Amino acid sequence: MNTPRRSATRKAPTRLALALAGGGPLGAIYEIGALCALDACLDGLDFNRFDHYIGVSAGGFIAAGLANGLTPAELRDAFIDDRPGPDSFDPSWLLMPAWGELAGRAARVPGLTVSALQAWLWQGKSFTSAFERLGAALPTGVLDNEAIHRQIERLFSLPGRTNDFRQLATKLTLVATQLDSGEAAPFGRPGWDHVPISRAIQASAALPGLFPPVCIDGQHYVDGALKKTVHASVALEDGIDLLICLNPLVPFRAAPDAPRQRGIPALVEGGLPAVMSQTFRSMIHSRLALGFKHYERTWPDTDIVLIEPDQRDAELFFANTFSYSQRREMAEHAFQQTRQLLRQRAGALTPRLARHGIALNRDAISDPDLRLLPPLGPRRPAAPDPVARLQQVLDRLQAALPATPARPAP
């Protein structure tokens, strides 16, 4: 990334916190692109020197990486650019079926069926009531999230990094939800810091229905976003001067004539996935708005900066994040859209950031040639198959040899 030179030293001491919300692979892609834009465009801010990092769901992986010394550019190389190396993170790890969960639930079907028949035939319960207990045979998640723990454990076991909250040089809080109580579980805080960072990330990202709950110390945990969207109060209660929040999921807002004028389909045409996505985004965003009003009232002396996509951004809403080419495109899109947001909000952000020794780099936010990733070059032709290549050589050799007259039969 061609980034203007800038100072990494803050002009004045200030207590900084970074809160990253969840959003699945799309959320991680957006946050990495946005963080790279902020890193390029904010002078006096080092994203590896925050006093407190808070991560929820996919944001937990990004927050833990920053707390472990991975720069935004290194996160880009590992997650977006797919460069070979020890830091590479392949999203295909998230698509492995949860065979253990599926097999375990299937094994319960005979016993549950017998129990349901007994309740219906001998205990006099209604058919519907009796057979409701078969619901216990449905898997709690269809994808295996154990690979998330294993791969992040490997990543944070490399020299200079740690998978132990207690060995970090800064505070890191990864929030999950305790399934049986519905309460937030702040992994990394006192009493919760003995859990490996990789296991806490796995728990915080365990979206019900997609991934099975994660068992830690005999308790089961699921996605931290079920309780709150960003859990920024964890840092605010410690006393923070500047809080930067990234929220990747916003509801889509189309003008009434947008589908006809710009080729954007009505969301109902996308079926259940599009409707559920819009519903989920609307719910968590309204909760986020209420939370930020509470933060501003309760901590009026803390400057809070929220970075999130434009709600009219159809490209981000309809993205397929499991496509490698689209993964690059979406990260580049987030990078450029964040620079545009900084240009639009420069008047309001400049004095707020200046109080903490941070300045907008006008060259970086306006440079038309500044990119997150270089364009993909032409695809290299696939290496020829060795057997086919040998056959071609033999064919050419045979054609070049003079024909040998057939010998008469004896």
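Helix H13, spanning residues 324-344, gives the most to the lining of the second largest pocket, with 7 residues. The model here is predicted. About 240 Å³ of space lies in this second largest pocket. Its lining has 16 residues, and the closest to its centre are Glu-308, Pro-309, Asp-310, Leu-341 and Gln-344. By type, the lining of the second largest pocket divides into 6 nonpolar, 6 polar and 4 charged residues.

**The chain as a whole**

The protein chain has 410 residues, and 46% of them count as buried. It holds 16 helices and 10 strands. Its accessible surface comes to about 21,100 Å². Carbon and sulfur atoms own 57% of that surface. Take the contacts in the chain with a separation of 6 or more: residues 24 or more positions apart account for 77% of them.

**A covered strand**

How many residues of strand S8 are buried? The count is 5 of 5, across residues 242-246. In a regular strand the side chains alternate between the two faces of the sheet. In S8, both faces are covered. Leu-242, Ile-244 and Leu-246 are buried on one side. Leu-243 and Cys-245 are buried on the other.

S8 has parallel partners. One is strand S1, residues 16-20. Here Leu-20 stands opposite Leu-246 of S8. Another is strand S9, residues 303-307. In that pairing, Leu-243 has Ile-304 of S9 as its bridge partner.

**Strand pairings**

| Strands | Direction | Bridges |
|---|---|---|
| S1 and S8 | parallel | 5 bridges |
| S8 and S9 | parallel | 5 bridges |
| S4 and S7 | antiparallel | 2 bridges |
| S6 and S7 | antiparallel | 3 bridges |

Strand S7 covers residues 219-222, and its partner S4 covers residues 171-178. Between them, Thr-177 has Val-222 of S7 as its bridge partner. S7 also pairs with strand S6, residues 214-216. There, Ile-216 stands opposite Gln-219 of S7. S6 and S7 form a hairpin with 2 residues between the strands. In this hairpin, Asp-217 takes a positive phi near 55°.

**A helix with a buried side**

Which residues of helix H7 are buried? In this helix, residues 146-155, they are Ala-147, Ile-148, His-149, Ile-152 and Leu-155. An α-helix has 3.6 residues a turn, so residues three or four places apart point the same way.

Definitions and conventions
Residues are numbered from 1 along each chain as its sequence is written. This is a predicted model: local features need pLDDT of at least 70, side-chain atom pairs count only at pLDDT 80 or more; totals for chains, interfaces and linings use all residues. Side-chain values use heavy atoms; hydrogens and water are left out. Helices (H or I, at least four residues) and strands (E, at least two) are DSSP runs, numbered from the N terminus. Buried means under 20% relative accessible area, exposed over 50%, partly exposed in between (1.4 Å probe, protein chains only). Contact means heavy atoms within 4.5 Å. Accessible areas come from the Shrake-Rupley method with a 1.4 Å probe; for residues, only the protein chains shown count as cover. Two strands pair if DSSP finds at least two bridges between them. On a 1 Å grid over the protein atoms alone, a cavity is a set of points where a 1.4 Å probe fits but cannot get out, and a pocket is an open set with protein on both sides within 12 Å along at least five of seven lines; lining residues have an atom within 4 Å of a point. Grid points are joined across faces, edges and corners, and a volume is the space filled by probe spheres set on the points. Ala, Val, Leu, Ile, Met, Phe, Trp, Tyr, Cys and Pro count as nonpolar, Asp, Glu, Lys and Arg as charged, and the others, Gly among them, as polar.
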